[in-house]
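Good morning, and thank you for coming. Please look at the structure as I put it on the screen.

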Amino acid sequence: MKGDLFSSEHVVQPAVEPGMSVENAKCIRYVVDGEMYARQGAMVAYRGDLKFERKGQGVGGMLKRAVTGEGLPLMAVRGQGEVWFAHEAGNCFIVEVEAGDRFTVNGRNVLCFDPSLSYEIKTVKGSGIAGGGLFNSVFGGQGRLGLVCEGNPLVIPVSAQSPVYVDTDAVVGWTAHLETSLHRSQSIGSMLRGGSGEAVQLLLQGDGFVVVRPSEATGQQAQQH
């Protein structure tokens, strides 16, 4: 067979290392030797001796909720082989979490992660009911975290002198030492008159980075926090 479809740009090459790597802009490859975790339904192809197990309410009995958000369960992948993950043709990225790091990420953006990472589900500080009850996953330890994002994300530095305000439906995640709170940019009177449609934002202060996707979540996506 000939043609652009069969060029080196598209044909999968042999893996160069175990674990997680970016196959292309829309897909992450994971060379499994033991166990790893992924968003349920994100597998698009695999080869080798692998088993997939639904984990709706916990991995190894450790999760109180599915790490990728309420109503969006995980799966464990076990065995030896290669598996490819993607979600709705979103752009894929890998975060290297090092010892001492902590990264807070919105559940809808989690694609897959190493079993060496620790995690817990937390309500975003300051969001409360007014923020839609935002639940994020906080990852720590050491390992790789695969993320998916609609479009190319914006990584915005945050400093004590330059806090950042983000739309709660657009934020992907942020680094450990940032403080969060809700900021209301309109008066009650303005909202009653219709306002701008951007009444409440998440305020991040401190030193670190916030990751924002270049679009707001749709109604269905916003429910997958």
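How many bridges join β2 to strand β7, and do they run parallel or antiparallel? Two bridges join them, and the strands run antiparallel. Strand β7 covers residues 110-113, and within it F113 is the bridge partner of Y37. Please keep in mind that we are looking at a predicted model.

Let me stay with β2 for a moment. Strand β1, residues 19-24, pairs with β2, residues 27-39, in the antiparallel sense over five bridges. Two residues lie between β1 and β2, and the two strands form a hairpin. As an example of a bridge here, V22 has I28 in β2 as its partner. With strand β4, residues 74-85, β2 pairs over 12 bridges, again in the antiparallel sense. There, V31 stands opposite E82.

I now turn to an open sheet. Six strands form it in the order β8-β9-β6-β13-β16-β11, with antiparallel pairing. Its edge strands are β8 (117-123) and β11 (154-158), each of which pairs on one side only. On average, and ignoring direction, neighbouring strands of this sheet are turned by 20° against each other. Inside the sheet, β6 (residues 102-106) and β13 (residues 171-175) are antiparallel and joined by three bridges. T104 has W174 in β13 as its bridge partner.

My last topic is charge. Side chains of opposite charge can pair when their charged atoms come close. This structure holds nine salt bridges. One of them joins E17 and R144, with 3.3 Å from N to O. E17 lies in the segment before β1 and R144 in strand β10 (residues 143-149), so this pair ties together parts that are 127 residues apart in sequence.

A salt bridge at 2.9 Å, N to O, joins the side chains of R29 and E82. R29 is in strand β2 and E82 in strand β4, 53 residues apart, and the pair links these distant parts of the chain. Are these two residues buried or exposed? Both R29 and E82 are buried. They also belong to a network of salt bridges that links E23, R29, R47 and E82.

Finally, R213 forms a salt bridge with E150, and their closest N and O atoms are 3.4 Å apart. R213 counts as buried because its relative accessibility is 5%, under the 20% limit. E150, at 34%, is partly exposed.

Terms used
Residues numbered from 1 in each chain as written. Predicted model: local features only at pLDDT ≥ 70, side-chain atom pairs only at ≥ 80, totals over all residues. Heavy atoms only, no water. Pairing = 2+ DSSP bridges. Helix = DSSP H or I, 4+ residues; strand = E, 2+ residues; numbered from the N terminus. Axes fitted to C-alpha atoms, helices over the stretch in contact; angles between N-to-C directions. Salt bridge = Lys/Arg side-chain N within 4 Å of Asp/Glu carboxyl O. Buried < 20%, exposed > 50% of the residue type's maximum accessible area, 1.4 Å probe, protein only.
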